[in-house]
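Open the structure in your viewer and keep the selection tool at hand. This tour goes from one stop to the next.

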Amino acid sequence: MAGSPKVFVARRIPEDGIEPILAACDARVWEDDLPPPRAALLEAIRGCDGVLTLLTDKVDDEFLDAAGAQLKVVSNYAVGFDNIDVPAVTRRGIPAGNTPGVLTETTADLAFALLMAAARRLPEGDRYVRAGNWKTWGPLLLLGPDVHGATIGIVGFGRIGQAMAKRARGFGMTVLYHDVHRADAAVEAEHDATFLPLEELLPRSDFVTLHVNLTDQTKGLMNAEKLGWMKPTAVLVNTSRGPVVDGAALATALKAGTIFAAGLDVTDPEPIPMDHPLVGLDNCLIVPHIASASRATRGKMAEMAAANLLAGVRGERLPTPVNPEVYDRA
Ligand code: DGY
């Protein structure tokens with residue numbers, strides 16, 4: 001559309017987001033199922049007023065240089081934005097947007113599903129049946145820990161961590177949490193949640209679930225030492241970002257039985273290579289980063305990402321900027 005803002009959308013997203021973008025912009029959408037290779041991405045964004053990125057697209061100085069000085073907005077189709085060098089976009093006065101809030105409950109649903117599936121060995125049971133091994137009811141067959149009444153340790157007590165607490169309370173679980181900032185007393189009371197340092201939370205938890213952002217401080221948070229603080233009967237769930245867990249150390253712990261099982265929505269790297277030691281372990285359940293993958297939630301994320309993109313190209317404040325400080329400069 002001549003005269004319209006030029007934008008690049010780095011993958012097909014649900015119609016709820018694509019329609020308003022196509023209606024208002026001169027838009028190019030990357031049609032492939034795989035992300036644009038770096039060179040193609042840098043070429044596609046040249047001269048754009050706005051770019052809608054995914055967590056697979058690294059936004060850094062090289063990206064910003066390639067786009068050019070006219071770039072007005074980067075809109076990330078995700079709540080997490082560790083793919084964006086926020087200081088770099090902020091230095092250039094460019095607002096970046098994300099999609100907070102809409103995926104909280106859907107992500108917690110999947111985290112709780114992983115917790116239950118890993119504890120009660122659902123993928124193993126399914127493989128057992130399909131392999132033709134089911135001969136009779138077995139008193140010792142595929143035993144695992146109870147979920148109801150157990151103790152859950154929630155690491156990262158933001159929106160998704162608190163949504164996990166809500167689910168855990170429904171299962172009569174004792175809720176422990178850790179975060180860099182202790183929650184308000186009212187929030188603790190609402191979830192009947194007890195704050196503990198990690199060195200106390202990990203040895204006391206039957207389930208440990210990770211809900212932190214990926215930062216320099218949380219990279220490798222669950223390393224060999226911390227995994228060693230967990231109970232041998234415990235289950236680790238990760239729906240945050242892969243690098244928060246040291247994958248090699250986790251594989252060693254699962255193999256040695258120093259923890260019971262793991263349920264992972266995220267790995268490092270993604271996709272996980274088929275020869276990674278975690279892939280061959282029966283007590284490690286891995287799904288392909290689908291925590292927000294309900295039709296409704298992905299649609300709402302698309303609407304929000306489009307709203308951020310369109311506000312940005314029009315020079316309006318983004319509804320959900322990750323660097324609101326860009327607006328303080330004017
Ligand atoms: C996010 O939004 O950060 C998730 O990882 C993908 O929905």
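Select Arg241 and the ligand. A polar side-chain atom of Arg241 sits 2.7 Å from a ligand oxygen atom. Keep in mind that this is a predicted model.

How much of the ligand's accessible area does the protein cover? On its own the ligand has 230 Å² of accessible area, and the protein covers 89% of that.

Then pick Gly80. Here a polar backbone atom is 2.8 Å from a ligand oxygen atom.

Next, show the residues around the ligand. Besides Arg241, Val79 and Gly80, they are Leu55, Ala78, Leu103, His289, Ser292 and Met301. Colour this shell by class: five residues are nonpolar, three are polar and one is charged.

Switch to a cartoon view and find the sheet. It is open, with five strands in the order E2-E1-E3-E4-E5 and parallel pairing. Which strands stand at the edges? They are E2 (26–29) and E5 (96–97); each has a single partner strand, so one side of each has no neighbour in the sheet.

Zoom in on E1, residues 6–9. E1 pairs with E2 in the parallel sense over four bridges. Select Val7 to see one of the pairs: its bridge partner in E2 is Ala27.

Last stop: helix H12, residues 295–313. H12 packs on the sheet and touches E1, E3 (50–53), E4 (73–76) and E5. Compare directions: that of H12 makes about 175 degrees with that of E4.

How values were computed. Residues are numbered from 1 along each chain as its sequence is written. This is a predicted model: local features need pLDDT of at least 70, side-chain atom pairs count only at pLDDT 80 or more; totals for chains, interfaces and linings use all residues. Side-chain values use heavy atoms; hydrogens and water are left out. A residue is near a molecule or strand if one of its heavy atoms lies within 4 Å of it. A polar contact is a pair of N or O atoms within 3.5 Å; within protein, one must be able to donate a hydrogen and the other to accept it, and residues adjacent in sequence count only if both atoms are side-chain atoms. Accessible areas come from the Shrake-Rupley method with a 1.4 Å probe; for residues, only the protein chains shown count as cover. Ala, Val, Leu, Ile, Met, Phe, Trp, Tyr, Cys and Pro count as nonpolar, Asp, Glu, Lys and Arg as charged, and the others, Gly among them, as polar. Two strands pair if DSSP finds at least two bridges between them. Helices (H or I, at least four residues) and strands (E, at least two) are DSSP runs, numbered from the N terminus. Contact means heavy atoms within 4.5 Å. Axes are lines fitted to C-alpha atoms, for helices over the stretch in contact, and angles run from 0 to 180 degrees between N-to-C directions.
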